[in-house]
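Please keep the viewer open as you read.

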Amino acid sequence: MAAAAGLVFALLVIFQMSSSVSALSSNYYEQTCPKLESAVTNAVKKAMMNDKTVPAALLRMQFHDCFIRGCDASVLLASKGKNKAEKDGPPNISLHAFYVIDNAKKAVEALCPGVVSCADILALAARDAVALSGGPTWDVPKGRKDGRISKASETRQLPAPTFNISQLQQSFSQRGLSLKDLVALSGGHTLGFSHCSSFQNRIHSFNATLDVDPTLNPSFGSSLRSVCPAHNKVKNAGATMDSSTTTFDNVYYKLLLQGNSLFSSDQALLSTRETKALVSKFASSQEMFEKAFVKSMIKMSSISGGQEIRLDCKVVR
């Protein structure tokens, strides 16, 4: 009897997840908020004029939101009282540009009050971040709801830059994402910057016998060690994710094949035949990369989450 009840519950959860995903539609706000997308795009454009790191920040924010409790904008909630929110969890301390979503939300609320979720605004902003950096654009399915729960402790579920391929595969498959999605979404590392702490494990005390990860290009490893010494005291020291850090392109994959990637989790993509073949394919064709990236972004951003529309992205009513 208990087993049957458990099965019914599991099926109910699956049904709820699939039904909320299938409820998403690219024309969800066509009647209720027709100027939504231009309002979000304008907020992203305005922020980018003053800060070139905004696109990378928004893309990372969307990823970190969707991997915890689904795409429910819980990453935007502020800590309150004794509850420490996701944005204050260790992997999210370096997240920034929350003000872009706040500004977009204010503009959207002025157009159509209480209609559009913060989760949809974040999904649109992440798309605009890619498109305005020279990458592809796509129709974002909309209709997400905002969540009420945000716990810093749950950010431990985020895939870490030190993960190997089996850890990455497990993390992605738990969220209905494939190895191809893993390789395609890793291409988001074409934008942005990393602090030393995320790749320190590859350039100092790599293992009992080697100081530096032998899969790193030696000259690249040396340059990283000079920027990030063993007892680094410079708070903002680090390196750009690739050589064209503000342009969305396939350079990340080309550098990866040359041993010039930052994270262990990047290098891990070369450790299986299937993932290495995808890296090579995306390195040789920006078009194939962009097509796969768009497909995987739509899939990831459709992971179901919340239950309501927040009027302020930072607080629950």
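A salt bridge here is a side-chain nitrogen of Lys or Arg within 4 Å of a carboxyl oxygen of Asp or Glu. What you see is a predicted model, in which local features need pLDDT of at least 70, side-chain atom pairs count only at pLDDT 80 or more, and totals for chains, interfaces and linings use all residues. Residues are numbered from 1 along each chain as its sequence is written, and side-chain values use heavy atoms, with hydrogens and water left out.

The protein splits into domain 1 (36-157) and domain 2 (165-299), with bounds that come from an automatic or database domain assignment. Their C-alpha centres are 23 Å apart. Where they meet, 19 residues of domain 1 contact 16 residues of domain 2, contact meaning heavy atoms within 4.5 Å.

How many salt bridges cross the interface of domain 1 and domain 2? The rule finds zero there. Helix H3 (54-66) and helix H5 (118-131) are the elements that give two or more residues to the side of domain 1 touching domain 2; helices are DSSP runs of H or I with at least four residues, strands are E runs of at least two, and both are numbered from the N terminus. H3 brings the largest share, five residues.

Next, the database record. An unreviewed UniProt entry lists Thr190, Asp242, Thr245 and Asp249 under "binding site"; such positions are given in the numbering used here, feature names are shortened, and annotations may be inferred rather than shown by experiment. These four are spread over 60 residues of sequence, yet they cluster in space, with a largest C-alpha distance of 9.8 Å. One of them, Asp242, sits in the loop between strand E2 (238-240) and helix H10 (251-257). The unreviewed entry also lists residues 23-317 as "domain: Plant heme peroxidase family profile". That span of residues 23-317 is 42% helix and 2% strand, and its end C-alpha atoms lie 24 Å apart.

Finally, back to charges. Side chains of opposite charge can pair when their charged atoms come close. By the salt-bridge rule, the count comes to twelve. Glu308 lies in the segment after helix H13 (286-300) and Arg148 in the loop between H5 and helix H6 (165-173), so the pair ties together parts 160 residues apart in sequence.
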